[in-house]
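Here's a quick briefing to read alongside the model. Take a look at the structure first, then work through the points below.

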Amino acid sequence: MAKNYKIAVLPGDGTGPEVIAEGMKVVHAAAEKFGFTIESDTYDWGGTRYMREGTIMPDDATDILRKYNAIYLGAIGRPDVPPGILEKGILLKLRFELDQYINLRPVKLFPGVECPLANKKPEDIDYVVVRENSGDVYTGMGGVAMKGTPHEVATQVMTYSRAQVDRCLKFAFETARKRHTKENPWRGLSAEDIAAGKTAQLTLCGKSNVLTYVFNMWERALHEMAPQYPEVKINYCHVDAICMWMVKNPEWFDVIVTTNMFGDIITDLAAMTQGGMGIAAGGNLNPEGVSMFEPIGGSAPKYTGMNVINPLAAVLSGAMMLDYLGESEAARAIEKSVAYITANKLKSLSAGKMGYSTSEVGDLVVENL
Ligand code: IPM
Ligand code: MN
């Protein structure tokens with residue numbers, strides 16, 4: 001019997017519904033081609049519902065979502081809602097309550113895409129960032145005292161438990177191990193590395209010269225786990241330095257693992273090097289639970305309803321979702337189709353400049369599957 005997957009679709013705000021519509025179009029076409037089925041329910045949670053009803057999502061939202069194989073999210077955010085309410089009320093809440101402790105963000109320059117870095121080609125920009133997604137300043141520890149006085153103090157603490165670090169590193173090592181084979185090792189390795197049996201590289205991105213307690217723990221954990229993954233070469237970069245190298249020498253990276261806030265920041269930079277938010281996909285993963293796939297970019301409210309936004313980030317997030325569900329052939333086919341249309345069809349990845357409308361881009365991906 002054909003496999004069936006149940007997906008909770010959260011189109012969200014702004015252009016979210018437009019890009020998710022194209023993503024679902026592609027996912028359904030891939031399902032048909034590769035012999036599985038997708039059953040989906042759509043929930044109107046987010047800022048628009050908040051403006052209408054005063055609640056962002058129902059109280060039992062996470063219980064509802066736990067019944068699905070995956071969640072597919074468009075974008076959350078409205079300019080008329082103050083910052084923090086929607087982010088905390090839905091995005092961060094779901095990440096935390098469903099314990100999606102990994103935020104996986106592939107950084108890949110597709111062929112034909114204009115890259116802001118001089119002389120960089122698709123083979124130079126092809127790495128993944130494993131962003132820890134449950135700890136750090138996002139935990140919300142801290143507070144404010146003497147508010148409104150000249151002595152006001154505010155703290156927001158970077159917290160990490162060893163357990164959070166270990167589960168994230170394990171995922172990062174596994175990701176590095178799976179990305180390459182002995183026959184086809186990562187191209188950045190030296191002859192010595194290859195002779196030593198290495199096939200992949202894992203770079204920890206931190207700030208061990210200032211955040212000494214937290215990154216001492218991360219570094220110890222990294223070194224303690226490394227012997228279990230003899231094929232993975234380990235490496236370390238400070239977060240400020242990695243911003244330089246991601247621009248100057250992106251070919252130096254294979255898998256980067258980092259903390260929540262650093263990961264948030266460096267993946268926006270990384271997204272720009274691969275052509276921008278129009279194509280940057282991501283997944284919030286709970287390897288033991290329900291995962292949620294979403295473009296990295298926001299709701300782009302000014303383009304709402306115009307059929308001009310680029311849906312490829314949503315399409316590629318959909319491909320990540322299928323890969324995660326075990327339909328890796330379908331996922332690769334979608335990626336190949338996207339690569340074909342970036343190389344041969346689209347004039348640009350920017351909204352309104354693609355040479356095609358949002359829905360036409362979705363159609364092109366389907367036609368070339
Ligand atoms: C992201 C976003 C979120 C984050 C915001 C909207 C809370 O920037 O997914 O990268 O900081 O994680
Ligand atoms: Mn971000």
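**Salt bridges and the ligand shell**

Salt bridges tie Asp 44, Arg 49, Arg 52 and Glu 53 together into one network. Keep in mind that this is a predicted model. Across the whole structure, a search turns up 21 salt bridges.

- Asp 44 pairs with Arg 49 in a salt bridge, and their closest N and O atoms are 3.6 Å apart.
- Arg 49 also has a salt bridge with Glu 53, where the closest N and O atoms sit 3.9 Å apart.
- Both Glu 53 and Arg 49 belong to helix 2 (residues 47-53), and they are four residues apart, or about one turn of the helix.
- Is Arg 49 buried or exposed? Arg 49 counts as buried because its relative accessibility is 12%, and the cut-off for buried is under 20%.
- Its two partners come out as partly exposed: Asp 44 has a relative accessible area of 40%, and Glu 53 has 46%.
- As a general point, side chains of opposite charge can pair when their charged atoms come close.

**A buried pair that spans the chain**

- Glu 294 and Arg 95 form a salt bridge, with 3.0 Å between the closest N and O atoms.
- This pair links distant parts of the chain, since Glu 294 is in strand 12 (residues 291-295) and Arg 95 is in helix 4, 199 residues apart.
- Glu 294 and Arg 95 are both buried.

**What surrounds ligand 1**

- Which residues surround ligand 1? They are Glu 87, Leu 91, Leu 92, Arg 95, Arg 105, Arg 131, Tyr 138 and Asp 264.
- By type, the shell around ligand 1 splits into five charged residues, three nonpolar and no polar.
- Helix 4 (residues 85-97) gives the most to this shell, with four residues.
- Two domains take part: domain 1 (1-102 + 276-369) and domain 2 (116-273) each supply at least three residues of the shell.

- Arg 95, the salt-bridge partner of Glu 294, has a side-chain N or O atom 2.7 Å from an oxygen atom of ligand 1.
- For Arg 131, a side-chain N or O atom is 2.8 Å from an oxygen atom of ligand 1.
- Asp 264 has a polar side-chain atom 2.9 Å from an oxygen atom of ligand 1.
- On its own, ligand 1 has 320 Å² of accessible area, and the protein covers 76% of that.

**Loop residues to look at**

- Met 146 has a phi near 55°, which is a positive value in a residue other than glycine.
- You'll find Met 146 in the loop between strand 6 (142-145) and strand 7 (153-156), and Met 146 is partly exposed at a relative accessible area of 46%.
- Asn 307 has a positive phi too, near 60°, and is likewise a residue other than glycine.
- The loop that holds Asn 307 runs between strand 12 and helix 10 (312-325), and at 30% relative accessibility Asn 307 counts as partly exposed.
- Gly 54 lies in the loop between helix 2 and helix 3 (61-65), and Gly 54 is partly exposed, with a relative accessible area of 47%.
- The C-alpha atoms of Gly 54 and Ile 20 are separated by 24 Å, and the two residues are 34 residues apart along the chain.

Notes: Residues numbered from 1 in each chain as written. Chains lettered and ligands numbered in written order. Predicted model: local features only at pLDDT ≥ 70, side-chain atom pairs only at ≥ 80, totals over all residues. Heavy atoms only, no water. Near = heavy atom within 4 Å. Polar contact = N/O pair within 3.5 Å; in protein donor to acceptor, adjacent residues only side chain to side chain. Areas by Shrake-Rupley, 256 points an atom, 1.4 Å probe, with all protein chains shown as cover. Helix = DSSP H or I, 4+ residues; strand = E, 2+ residues; numbered from the N terminus. Nonpolar A, V, L, I, M, F, W, Y, C, P; charged D, E, K, R; others polar. Domains from an automatic or database assignment. Salt bridge = Lys/Arg side-chain N within 4 Å of Asp/Glu carboxyl O. Buried < 20%, exposed > 50% of the residue type's maximum accessible area, 1.4 Å probe, protein only.
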